[in-house]
Amino acid sequence: MRFVPFELERWQSTWENRVRYNLSESGVHPLSIHELLELAGASPAPLLDVRLGYSQSNGTDLLRGRIAALYDGVAPEQILVTTGSAEANFVVCWRLVEAGDKVAVMLPNYLQTWGLAQNFGAQVRGFTLRAEAAWEPSPDEVRSAIAPGTKLVVVTNPHNPTGHVLSNEMRQAILSRAAEVGAWLLADEVYQGAERDGATTPSFWGSYERVIVVNGLSKAYGLPGLRIGWVVAPPGFSNEAWARHDYTTIGPAGASDHLAAVALEPRVREQVLARTRGILRSNYPVIEQWLKRFGDTFSWRAARAGRSLRVAEPHPVRLRGGAAPLPGSARRDRAGSEARVRRLRCGSSRSRRSGTRSPSVWRSRPSSGAFVRSGAVRPPSRTRWCSSCASNKPRCT
Ligand SMILES: Cc1ncc(COP(=O)(O)O)c(C=O)c1O
């Protein structure tokens, strides 16, 4: 079977720590351990005393209790703590998807489940969020993608990369179609809590007996380095997912589990989420101002949640100054030759400080291959990324 690589993740992993301006990141500027403890008013002593043994492999009782309390009618036994929501998605797909299954996935997307399902031998069909419909998918396409016999439907809500939150009608349409064909519904809700307008997106949890929710601390909480995610599932399913997790990472790191419980203590959680929303609200106008500087080069729609803006470029552009925007192709965008669609982030608090140091945009003139900025014609850049070490230097030293 042909292996489907996770192109987007590899592209980000290669560049994200090597560029000066990371315009493709989907999280806010992360908290440090010091900042988290300070915000919580907690002493570092308990963290320093965490024993470096194997921690409870499905998550400590304290952490699972705090996660369970976020969902109506959920017991701690229904929670599986994983190494990031990426592992949560993995174990759910592993538990559910078999060769020949049909899987329906929202597009564009982070594409983890899109690639994974194919690697487990499934046939994957997409349903597309449409810019012209304020990023709602078409009800007809949803119906045909969730064909009779579909085993799994995957939604990301709030959505990455558009930041769209599904309307109530569309939620209902997806749920009823999943119920009609008897499919499981995996709701990746990792951007829940990062809504700019402050209204928390309701979870899919509880809306149908075959709903599984994945979430984690990487996005709305600004704590990706803890690598803490979780699965919320009907009784029994979490145990079956846990049995897969025995083969993947065994358990979360004890220090991460400890700090995750600190972050999810209700009073601290509110402050952590308020910090994220504050960053998004103050950085969004900065990136919008920056895009406006280039006249009609870009068009965009503001995200309701998360840090992403979907930006359509009528001309191919290059960003200079060590900037990394995410290529649309890495997310299976429906971008024709006329418009390139990329994701730009507004979540880094660094972009607030950088001001005049923002990367410059160069518009490519397809016929000449020259790069144009503010009307000036320049020769194409001779700079190449170093292919051996992936640094942004012309040559490795
Ligand atoms: C929709 C979605 N799900 C899951 C993940 C993986 O996140 P984590 O860092 O929690 O593993 C990402 C990361 O960008 C994402 O965008």
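How many bridges join β2 to β9, and in which direction do the two strands run relative to each other? In this predicted model, five bridges join β2 to β9, and the two strands run antiparallel. One of the facing pairs is formed by Thr-83, which stands opposite Ile-228 in β9.

Eight strands form an open sheet with mixed pairing, in the order β2-β9-β8-β7-β6-β3-β4-β5. Strands β2 (79-83) and β5 (136-137) stand at the edges; each has a single partner strand, so one side of each lacks a neighbour in the sheet. The protein chain as a whole contains twelve helices and 17 strands. Of its 397 residues, 44% count as buried. Among the contacts in the chain with a separation of 6 or more, 72% are between residues 24 or more positions apart.

Strand β9 (residues 228-232) is mostly covered, with five of its five residues buried. Ile-228, Trp-230 and Val-232 point one way from the strand, whereas Gly-229 and Val-231 point the other way. Besides its bridges to β2, strand β9 is joined to β8 by four bridges, and these two strands also run antiparallel. Within β9, Val-231 has Val-214 opposite to it.

Strand β3 (residues 102-107) is joined to β6 (residues 150-156) by four bridges, and the two run parallel. Opposite pairs between them include Lys-102 with Thr-150 and Ala-104 with Val-153. Five bridges join β6 to β7, again in a parallel direction, and Leu-152 stands opposite Trp-184 in β7.

In soluble globular proteins, nonpolar side chains tend to be buried together. The largest nonpolar core of the model has 83 residues, and those with the most contacts inside it are Val-92, Val-153, Leu-185, Val-231 and Ala-263. Helix α5 supplies the largest share of this core, seven residues. Domain 1 (7-30 + 276-378) and domain 2 (34-267) both contribute residues to the core, so it lies between them. The surroundings of Leu-185 illustrate such contacts: leaving aside residues up to four places away in sequence, Leu-185 touches Val-153, Val-155, Leu-175, Ala-178, Phe-204, Tyr-208, Arg-210 and Val-211.

A contrasting position is that of Ser-207, located in the loop between β7 (184-188) and β8 (211-216). Ser-207 has 16 C-beta neighbours inside 10 Å and therefore counts as partly exposed, because a residue is classed as buried only with 20 or more such neighbours and as exposed with 12 or fewer. Although Ser-207 and Leu-175 are 32 residues apart in sequence, their C-alpha atoms are 7.7 Å apart in space.

The ligand is surrounded by 13 residues, of which the closest are Gly-84, Ser-85, Ala-86, Gly-216 and Ser-218. By class, this shell has four nonpolar, eight polar and one charged residues. Helix α5 (residues 84-96) gives the most to the shell, with three residues.

Terms used. Residues numbered from 1 in each chain as written. Predicted model: local features only at pLDDT ≥ 70, side-chain atom pairs only at ≥ 80, totals over all residues. Near = placed C-beta within 6 Å. Nonpolar A, V, L, I, M, F, W, Y, C, P; charged D, E, K, R; others polar. Core = buried A, V, L, I, M, F, W, Y, C linked by C-beta atoms within 7 Å. Domains from an automatic or database assignment. Contact = placed C-beta atoms within 7 Å. Pairing = 2+ DSSP bridges.
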